[in-house]
Each structure stands twice: as structure tokens, then as C-alpha cells.
Amino acid sequence: MLNRLLRRQPASDATPPRQRLPLLSLVITIAVSIVVLMDVLLDTPLVNGVGGLFVTYAVIIASFALILGVIHLLRVHTRRVQQRANGWLYSLLLIVTVVFFTVVGLIEGPTRGMTQWSVTYLLLPLQSAFFSLLAFFLISVLYRSARIRSWESLLLVVTAALVVVGGTPLGATISPAIETAKEWVLSGIATAGARGIVLGVAVGTVITAFRFIADGRRIFK
Amino acid sequence: MITCPSCGIDNPDSRVFCAVCGTRLQADAPLPELAQEVSPPEPAAKKPALPSWLQGADLELDPPPIAPVIPTFTFPSSEPRRTTPDPATPGDWDDKLDFSDLPDWELDEPLSGMSSAPATPIAEPVAPVVEDEPVYGEGEGSGLLSGVRGPIPIEPIVSIAHRPPAFPTITEDMPTDESQSAANLFAQIAGGAVRPEPITVQRPTLRGAGLLYLLLALVVAIPLALNLIVFDLPAPRASVEAFARTVNTLPSDGTVLVAVDYDGGVQDELTPALAATLTQLHGVIPEGAIVAVSTSPFGAAVAETAWTSSQGDAGVTWENRGFISGGISGQRALLASTAADLVIVVAESGKVTSWVEQDTALAPAYPLLAIVPATSETMLSPYLASGQISGALMSLNDTATYESNTLGLRRRDSIGWQRLDAATLAAATMVGVMLLGSVVGLFKRGR
């Protein structure tokens with residue numbers, strides 16, 4: 001029995017070898033999922049303790065997975081540099097950056113020295129500049145695409161103008177009714193739509209979790 | 001079974017040569033006999049009428065369908081070439097063809113590779129051999145492999161007769177110049193000699209797009225630089241007042257957990273709000289502690305930036321724990337093991353919802369405050385309406401009113417207020433351009 005659990009499933013002609021999953025791994029995954037789910041639903045010391053332990057294990061495994069991901073990334077880009085593949089200079093830059101900031105971070109820590117300087121004066125300004133380009137693209141799109149061609153487009157344009165202007169002091173300067181209308185649109189119509197989206201995501205998550213517990217092999221395919 | 005000494009494959013006992021590598025297995029075994037030569041059939045007595053300049057060439061223009069023919073190679077004869085047409089056999093071509101400048105090869109000799117002797121037919125095509133024994137030389141009494149002996153088994157396809165190549169004629173199937181050039185290009189590309197040029201798609205561009213970009217930049221920059229426009233702040237919203245009220249109710253030695261999970265794209269909107277919140281905490285919990293965590297790798301540095309921007313006495317303890325791995329599992333593990341009086345989440349809607357869900361799953365749940373950008377206000381409003389979030393700062397408008405009403409900052413000291421003015425000008429410009437585009441579109445349609 002144990003040998004059968006440890007060994008792979010007998011290969012069938014219809015199932016390629018890569019899709020076979022050891023039975024023991026599947027059993028462990030399903031059991032842990034059920035325990036963690038019960039930890040949320042129940043309030044017993046045993047289930048809460050075991051569930052908390054599993055969550056801690058997940059955090060530790062995720063940390064090692066992050067390290068493995070970085071190692072794999074370095075291997076891939078090192079191979080690209082060795083083979084002088086297309087764009088190998090960028091791969092070399094990535095490798096140098098990773099090694100440099102890893103060493104600096106280990107020596108100085110994540111919130112001091114070079115690490116803090118690079119985030120404050122390199123990373124954040126570059127990300128801000130990149131996102132600020134959206135404003136220029138948006139104005140071009142608004143001129144070309146946001147045109148009144150039908151009653152629906154008229155409603156869209158008016159609502160967009162109302163929400164954008166109402167969220168700024170300019171709306172209150174023009175008329176207090178604009179701010180009131182904006183609040184009504186966001187709290188009434190938009191919130192209803194957001195609730196539907198959140199409910200849909202939650203239901204889908206629950207269904208996916210139960211599908212996995214019921215038939216994990218199909219999920220792994 | 002006989003094992004081949006060269007490749008090691010087992011062969012039947014009757015085989016003389018290995019079926020895989022051809023090595024002789026039995027040195028004393030006789031070689032298989034080749035097939036007998038087949039005598040050629042009698043040539044056809046009647047030939048079609050040929051023009052004089054083709055006379056002498058024994059071409060089978062219409063070979064008999066039943067008797068397939070394999071051409072044989074013979075050398076041209078040494079007889080002098082006849083350069084003029086034979087007057088004894090005048091034909092339609094005689095008056096039109098001039099042979100004086102033709103190349104020096106025999107016209108009345110057969111074409112290269114074609115035999116003047118009657119073609120040698122072969123026997124019936126050999127049926128495909130099913131058994132293991134290969135077929136040696138059957139049907140190969142003539143042709144290129146005539147007389148060739150050895151271990152090479154003859155595939156049935158070799159003995160299949162084929163017609164001689166037809167005399168080339170101009171047909172519609174022949175490639176045109178365009179198709180030939182395309183085929184040449186393809187051959188070059190396939191051979192790697194030519195790298196094809198990438199096809200560039202001409203995308204439709206907006207005329208005057210640069211003017212729009214310049215307009216946006218000038219409308220925002222000039223009034224701010226010259227301090228021409230200062231918008232009056234509206235009254236704070238209920239969520240902002242609840243935010244400030246929740247922070248004010250903390251004990252003086254309370255502990256606040258701050259989750260900083262945003263990136264540089266929204267840091268201009270969220271960092272002033274976080275800095276203002278930390279400034280208020282300086283005054284509310286002078287003997288307490290603020291613990292900063294993040295589920296993003298550089299969140300610790302972002303939190304440190306906001307802490308540096310905050311103002312206040314150095315009484316409160318600042319502890320930056322940095323990155324926590326595991327995503328949602330890390331959030332759950334942290335909330336389960338932390339004893340905090342308040343949790344403040346500074347992130348976009350996706351991460352805020354995960355923090356809210358993990359906090360709600362605990363019993364009892366911590367009071368939760370949120371600082372989100374304006375784009376996340378819609379997704380956060382259900383949690384705000386249900387009471388899972390006690391208060392929130394959801395835009396630069398809220399940040400500016402929070403700084404002004406709670407902290408008493410004037411415009412020149414309020415970063416949120418200054419950025420709100422810039423955002424207001426940009427929003428007004430965009431709405432104006434949108435309406436202008438609609439008017440232009442209506443005008444064009446009317447014409």
C-alpha cells in the first residue's frame with residue numbers, strides 16, 4: 001500500500017508521462033487545503049493551531065521559492081550572455097544589478113544606504129515618469145474616441161465628465177450639485193457594480209477550491 | 001539467427017548480408033544471382049512523320065503505353081553534322097529554319113542522354129516484396145545500375161518504369177518572371193542569405209497630437225509655477241472624518257501596523273497621504289510604536305521614504321520589518337501573530353481587499369483604515385459601506401482636506417493640496433479636450 005502511494009500511478013496509453021501526479025502529493029495537498037479551510041470556518045484550538053502551522057509552512061516555502069526563482073533567473077540570463085543571444089547586454093545589466101543590490105542589501109539592509117537611495121531616487125521617479133505618460137496618451141484617446149455618436153456614448157461622456165470634475169475642487173467651485181451627483185454615481189451605481197464583481201470573484205474562488213479538493217488531478221493537468 | 005559482427009543485429013539464417021549495415025554474414029555462402037537480361041522488343045515499324053531537322057533522331061514521342069522505356073546513355077556518333085535541311089524531305093520548317101549559326105552538336109543525333117538504338121524495355125514492374133528476403137537485381141538488366149552487384153537490395157520503386165522526360169514546351173504552368181523571382185527570394189530567405197525586412201504597419205496618427213500634449217503640459221505647469229490658481233478645498237467627506245476620528249481614538253501607547261504595498265506609479269498620490277497619517281500618529285501615540293511591513297520587495301524603502309517625509313517629535317517608535325513573503329499566507333500569518341490596535345493599509349484595491357479579507361477572518365478583527373488612489377475608490381466602497389473598513393483616504397482631494405482640517409496645514413505646506421491643484425488643472429483640460437472632440441465629431445458628421 002505504501003509503495004503504491006509513493007510510486008507513480010501506472011502509466012496508461014492515454015496519459016502522457018508528464019501529466020501523471022504522485023498520489024501522495026495529491027493527498028497531502030488536498031488534506032492541507034481542507035484543514036486551512038476549516039481553520040477559517042471553525043474556532044477550535046486544534047484546527048486553529050494546525051491551520052496556523054500550515055500557513056507558517058507556506059510562508060517558509062514561499063521564501064525558498066523566491067530564492068529558487070532568483071537563481072533560475074540568473075541562470076537563464078547567464079546562458080543568454082554566454083551565447084550572445086539577442087539582447088544579451090540587457091541580460092548582463094540584469095545580472096550585475098541583481099548581484100550588486102543583493103550584496104549591498106545584505107551589508108547595509110533594505111532601508112539604508114545605497115538600497116534606500118536607489119529606491120528613492122531611481123526606482124520611484126522612473127515608475128512615476130512611466131505612469132505619467134498615460135496622461136498624454138489619455139488626452140489623445142479622449143479627443144479621438146470619446147465622441148458622442150449615440151445616446152449611450154452621450155451618457156458615457158457626460159458621466160465621465162461628471163465624475164472627473166466632481167472629484168476635484170473645480171466641481172465644487174462650479175456648483176455643489178456636481179459633487180453631489182458624483183457621489184451619487186459612485187456610491188450608488190458604481191458600488192453596485194463593484195459588489196457584483198467582488199461577489200463573482202469570491203464565488204469563483206470557492207468553486208475553484210472545491211473543484212481542486214474534489215478532483216485535484218484534473219486541475220493539475 | 002545470425003548476429004552481425006559489425007552492428008550486432010540478429011539476421012535470419014538464410015541471409016548472406018546484414019539487413020542493416022550490409023556486412024557479409026556468411027563468407028562461404030554463394031552470392032544471389034542477378035535477374036536475366038530481358039531482350040528488347042521489336043521497334044515499332046511505323047513512325048510518325050517528322051520534320052527534316054528532326055529526322056534521324058529516334059525519339060519516342062508517343063511511346064507505347066504498355067511497354068515502359070528506360071533511356072540509355074550512348075555517345076554521339078562521329079558522322080559529320082548535317083547543317084542544312086535535307087531537300088529530299090521538305091517540310092514546313094525547311095524554309096524557316098537556318099542552321100548556319102547553330103552550336104556544334106549533332107542535330108540528327110539523339111539528344112544528350114538519349115540512345116539512338118531502340119529503347120530497351122524492361123520486364124513487368126516488380127511487385128513489392130513483403131518477405132524478409134530482399135530482391136537483388138531483378139529488373140536491372142539495363143540502366144544505370146545494370147551489372148551492379150552487391151548487398152544493396154533493390155527497392156520496388158527502382159523497378160518502377162517511368163516515361164522519358166517530355167520535350168519541353170511552353171505551357172501555362174511554367175513559372176512567370178514574377179513567380180520565379182518570388183521563388184528565388186524565398187530560396188534566399190530560407191537559405192539565410194537575406195534577412196526579410198520587418199513589415200511596418202502605418203498606424204493612423206492624430207494630426208496635432210503634439211499640440212494636445214503641449215497644451216496639457218502648459219496648462220498644468222504655468223499656473224502652478226506662477227501660483228496663479230489656488231482652488232478652495234471642499235468640505236471633507238464622511239470617510240475622511242471617520243479616518244481622522246479612528247486615529248484620534250488610539251491610546252497613547254498604542255501599536256499601529258502599517259502595510260505599505262504600493263509601487264512608484266501611485267506613490268505621488270499615496271505617499272503624501274501616508275506621510276500625513278504618520279504625522280498625526282506622532283501626536284496621537286507619542287509612547288507607542290508604528291510597525292511597517294510590506295508584501296512587495298521594495299515596500300520597506302517606500303515606507304522609509306514616507307517616514308522621512310512625516311513631521312513630528314521622535315517619541316514614537318518606528319520599526320520597519322520590511323518584506324514578508326508568502327503573499328496572502330504571509331498576511332494571514334502576520335495578522336494572526338500581531339497584537340496591534342489599528343491596521344492601516346496603503347495600497348491599491350487588489351491588495352487592500354486581500355488584507356481586508358484576512359483581517360475579517362480573524363476573531364476579533366482589527367480596526368482597519370485604508371489609503372488608496374482615486375482609481376480604487378469604486379472597488380473599495382463596498383467594504384467601506386459594510387463597515388469592514390472604518391475610514392479611508394481615497395484621492396488627492398481627501399488627502400488635501402485631511403491635511404488641512406486634521407493637521408491644520410496651509411497650501412504651501414501641504415503636498416497633497418499642491419498636487420491636487422495640478423490634478424484639477426489636468427482633469428479640466430482632459431474634460432475640455434473630450435468635449436471638444438465630441439463637438440468636432442458632431443460638426444464633421446453634420447457636414
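## A glutamate at the chain boundary

A:Glu183 is partly exposed, with a relative accessible area of 26%. The structure is a predicted model, and the values in this report are computed from it. Within chain A, A:Glu183 forms a salt bridge with A:Lys182, the closest N and O atoms being 3.7 Å apart. A:Lys182 is buried, at a relative accessible area of 6%.

A:Glu183 also meets the side chain of B:Arg237 in a salt bridge, with 2.9 Å from N to O. This contact crosses between chains: A:Glu183 belongs to helix α8 (residues 176-214) of chain A, whereas B:Arg237 lies in the loop between α2 and α3 (238-248) of chain B. B:Arg237 has a relative accessible area of 14% and is therefore buried, the limit being under 20%. Through shared partners, salt bridges join A:Lys182, A:Glu183, B:Arg237, B:Glu377 and B:Asp398 into one network.

## A second salt bridge between the chains

Over all chains, the count comes to eight salt bridges. One of them links A:Asp39 with B:Arg332, the closest N and O atoms being 3.1 Å apart. This pair, too, crosses between chains, from helix α2 (residues 23-41) of chain A, which holds A:Asp39, to helix α6 (residues 328-337) of chain B, which holds B:Arg332.

Are the two partners buried or exposed? A:Asp39 counts as buried, because its relative accessibility is 8% and the limit is under 20%. B:Arg332 likewise counts as buried, at 12% relative accessibility.

## Aromatic contacts

A pair of aromatic rings is described by the distance of the centres and the angle of the planes. The structure holds seven aromatic pairs over all chains. Among them is the edge-to-face pair of A:Phe100 and A:Phe101, with 5.1 Å centre to centre and 80 degrees between the planes. Both residues are partly exposed: A:Phe100 has a relative accessible area of 38%, and A:Phe101 has one of 27%.

Another edge-to-face pair is formed by A:Phe136 and B:Tyr213, with 5.9 Å centre to centre and 90 degrees between the planes. The pair crosses between chains, from A:Phe136 in helix α5 (residues 113-145) of chain A to B:Tyr213 in helix α2 (residues 209-226) of chain B. A:Phe136 is partly exposed, with a relative accessible area of 27%; B:Tyr213 is also partly exposed, at 27%.

A:Arg84 lies over the face of A:Trp88, at 4.4 Å from the ring centre.

## Strand β5 of chain B

Strand β5 (residues 255-261) of chain B is mostly covered, six of its seven residues being buried. Which strands pair with β5(B)? One is strand β6 (residues 289-294) of chain B, which pairs with β5(B) in the parallel sense over five bridges. Within this pairing, B:Leu257 stands opposite B:Val291 of β6(B). Together with helix α4 (residues 267-284) of chain B, β5(B) and β6(B) make a right-handed β-α-β unit.

Strand β8 (residues 342-347) of chain B is another partner: six bridges join β8(B) to β5(B), and the two run parallel.

Key: Residues are numbered from 1 along each chain as its sequence is written. Chains are lettered from A and ligands numbered from 1 in the order in which they are written. This is a predicted model: local features need pLDDT of at least 70, side-chain atom pairs count only at pLDDT 80 or more; totals for chains, interfaces and linings use all residues. Side-chain values use heavy atoms; hydrogens and water are left out. Rings of Phe, Tyr and Trp (its six-membered ring) pair if their centres lie within 6.5 Å; planes under 30 degrees apart count as stacked, over 60 as edge-to-face and the rest as tilted. Buried means under 20% relative accessible area, exposed over 50%, partly exposed in between (1.4 Å probe, protein chains only). Helices (H or I, at least four residues) and strands (E, at least two) are DSSP runs, numbered from the N terminus. A charge sits over a ring if NZ of Lys or CZ of Arg is within 6 Å of the ring centre and within 35 degrees of the ring normal. A salt bridge is a side-chain nitrogen of Lys or Arg within 4 Å of a carboxyl oxygen of Asp or Glu. Two strands pair if DSSP finds at least two bridges between them. A crossover is right-handed if, with the strands pointing away from the viewer, the path from the first strand over the helix to the second runs clockwise.
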